[in-house]
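Open the model in a viewer and keep a selection tool at hand. The tour below goes stop by stop, with what to select and what is there.

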Amino acid sequence: MFLYFFMKIKKEREASAERHQRFEDAADAKHGAPDLEELVHTLPLPLAASDRMTRGLRHGSKNKRPKPSRKRMLLNVGYVLLMLGIICFAIYQVGQHITVGLNTLRTQEILDEAYVRLELYVFRDEQILVSEGSDTYLYAVPDGGRVGVGQSLGTAYAVGDEQLAADLQTKLNAYGERIELLKSLGGLGTPADARDAAEAADRNYIGLLDAVERGDLSAVGGYADGMQDSLGRYDILTGATGETSQAALERERAALTAGLPVVSSMATERSGYFYYTCDGYESIFDHGSALDLTPESFFELTEQTAAAIPLGTVGKMVYNPTWYAAAYVSMSDEALEVFQQGYQHGTTYTMRVVGEADAELDMTIVRLVPDENGALLVFRSQDMPAGFDFPRSFTAETVSLQVSGYRIPTESIVTLHSHKTGEDVKGVYVLVGNVVEFRKINIRVARDGYVIANTYEDMKAYLDSLSEEERAALSADGWSYLHLNDNIITSGNEIYEGKVIG
C-alpha cells in the first residue's frame with residue numbers, strides 16, 4: 001500500500017515538472033513576460049478546462065489557489081511518518097512469529113547400551129607338533145578341528161625349496177577349505193547356504209565401514225579377512241571357482257602332492273583341537289600360570305619376544321578346552337568399575353571380538369588383582385567358535401551398561417529459570433500445535449552428543465512415591481515432564497516459551 005502511494009506521488013511530480021518546463025520554454029520563445037492566457041492553451045488540458053483557467057486569469061488574483069499553510073504541510077508529514085511506523089511495527093510482529101530453520105524430533109524410548117573394550121591375551125594348553133625334515137603338509141582335519149586319540153592329522157612331505165613349498169602349501173590349504181566347506185554342507189550346498197555366505201560378507205563389509213569411520217584400524221583387518229572368507233564361501237557354493245564336487249576337489253588336491261617324498265604320517269597321542277599355525281608364544285603364555293598372574297608378571301609376559309618356531313613344525317594341539325584371557329584396565333577406565341562389580345558376582349560376559357563380525361565368546365571373570373594404577377582381570381571360557389583362529393591377543397568389547405529412556409540430542413537441552421521456585425530447571429522446548437512449550441527432563445546418563453532421560457511414566461511413578469509435601473515442591477515450577485511422542489525442537493531461531501509459530 002505504501003509503495004503504491006509513493007509511486008503515484010512520484011508520477012504526479014514528474015508530470016508537474018514537465019508542464020513547468022513547457023511553460024518556461026514558451027516564455028523564452030517570446031523573450032519577454034509570458035502571456036498567461038496564451039500559455040494556458042499550451043498545457044495538455046481539455047478545452048473546457050483551458051477556457052475556465054483563462055477566464056479565471058482575467059478576473060484577477062482573487063481566484064488564485066491559495067498556497068498550503070505550514071501547519072497543513074506538517075500534518076501531512078506526520079501522517080506519512082505514522083503510516084511508516086505502523087508498517088514497520090506490523091513487519092516486526094510478523095517476524096516474531098516466523099521461525100526459520102525449525103526442526104523437530106519425535107520423542108522415542110530406546111534401550112541404550114554402553115560398551116567397554118579390552119585387549120585380551122590368550123592362555124591355552126598348547127603343544128607344538130614337529131615332523132623333522134618336512135616342509136609341506138596335506139592336512140586331514142580342518143584348522144581348529146577337534147581330533148581324537150591316535151587320529152591322523154595328515155601327511156608331511158619334503159619339497160626342498162622354501163618358496164615352492166610355501167606356494168604349494170597355499171594351494172593345498174585352499175583346496176582343504178573348499179573340501180571342508182562342502183563336507184559341512186553335506187554336498188554341494190543349497191541356495192540358502194550361498195545366501196548365508198553373502199549375508200556374512202555384508203555384515204563384515206558393514207563392520208569394516210564402521211571401523212574405518214571410527215578410525216579403529218585394529219578392527220579393519222579382521223573385517224576385511226572375514227569378508228574375503230565369506231566371499232570365498234559364496235564363490236564355492238555358486239560354482240564360481242570351478243569344480244564343486246568334493247570327490248573332484250580331493251582328486252585335484254592329491255595330484256598336487258603326487259610324486260613328493262613322504263616324511264611322515266602325522267597323528268596325535270591325545271585328544272584336543274588341532275591348529276595349523278604357531279606364533280612362538282605357546283610356552284610363554286602358559287595355561288597353568290593364568291590363575292597366578294599379577295599385574296607385574298602380566299606385563300613381563302607381554303613384553304617378551306616370541307620364541308623361534310622349529311623347522312618342520314606341523315601345527316599345534318590345544319588339549320584342554322578351558323582357556324583363559326587376561327587384560328589390564330587402568331584406574332581411569334570406566335570398564336574397571338563394571339568388572340569390579342562383575343567379579344563380586346562371578347558374572348559371565350558376552351564378548352564380541354572386534355574385527356570378527358560373527359565371533360562372540362562367553363567369558364566369566366574369575367580373577368581381579370588391583371594395583372595403584374588399575375587392575376588385572378582374568379577371564380575363563382570354553383567357547384571355541386569355528387573359524388576363529390585364536391590370535392595371541394585380540395580386542396573384544398562387551399556391554400557395560402543398559403539404560404532405557406528418552407534419547408535427547410544434547411543441543412536440544414535448555415535451562416530456564418523458574419520465577420515460582422527461584423531454581424534453574426533443565427528441559428527441552430516442544431512444539432504443541434503451533435505453540436512452543438517447555439518440558440522438564442531428568443537425565444539418567446549422558447553420552448557423546450545425546451542424553452538418556454527418564455520417561456514420563458518413570459517420573460510419574462517417582463512422584464507418586466513421594467509425600468504430598470515433596471511432590472508439591474517438585475511440581476511448584478508449573479512445568480510438566482517430557483512425554484512420549486512430544487515433538488522436541490532441535491533447532492530454530494528465536495525460540496522461547498509461548499512463541500507462536502506462524
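**Stop 1: Y157**

Select Y157: at 8% relative accessibility it counts as buried, where buried means under 20% relative accessible area, exposed over 50% and partly exposed in between, with a 1.4 Å probe and protein chains only. The model is predicted, so local features need pLDDT of at least 70 and side-chain atom pairs count only at pLDDT 80 or more, while totals for chains, interfaces and linings use all residues. Residues are numbered from 1 along each chain as its sequence is written, and side-chain values use heavy atoms, with hydrogens and water left out.

Y157 belongs to strand 6 (residues 152-157); helices (H or I, at least four residues) and strands (E, at least two) are DSSP runs, numbered from the N terminus. Now show what surrounds the residue. Leaving aside residues up to four places away in sequence, Y157 touches S134, D135, T136, L138, T257, L260, P261, V262 and V263, a contact being heavy atoms within 4.5 Å.

**Stop 2: helix 8**

T257, one of the residues touched by Y157, is also among the buried residues of helix 8, together with A248, L249 and R253. Select the whole helix, residues 246-257: its twelve residues reach 17 Å from the first C-alpha to the last, close to the 16 Å expected at 1.5 Å a residue. The expected span is 1.5 Å times one less than the number of residues. Just after helix 8, look at G259, which has a positive phi of about 90°.

**Stop 3**

Zoom in on strand 5 and strand 8 (residues 272-275), which pair in the antiparallel sense over three bridges. V147 has G272 in strand 8 as its bridge partner.

**Stop 3: rings**

Colour the aromatic residues. Rings of Phe, Tyr and Trp (its six-membered ring) pair if their centres lie within 6.5 Å, and planes under 30 degrees apart count as stacked, over 60 as edge-to-face and the rest as tilted. By this rule there are 17 aromatic pairs. The ring centres of Y121 and F298 are 5.6 Å apart and the planes stand at 80°, so this pair is edge-to-face. It links distant parts of the chain, with Y121 in strand 2 (residues 109-123) and F298 in helix 9 (residues 295-302), 177 residues apart. Y121 is partly exposed at 21%, whereas F298 is buried at 3%.

Which residues form one aromatic cluster? Select Y121, F123, Y281, F285, F298, F299 and Y328.

**Stop 4: charges over rings**

End with R270, whose charged end sits over the ring of Y319, 3.8 Å from its centre. The rule asks for NZ of Lys or CZ of Arg within 6 Å of the ring centre and within 35 degrees of the ring normal. R124 lies over the face of Y275, 4.6 Å from the ring centre.

Technical notes. Pairing = 2+ DSSP bridges.
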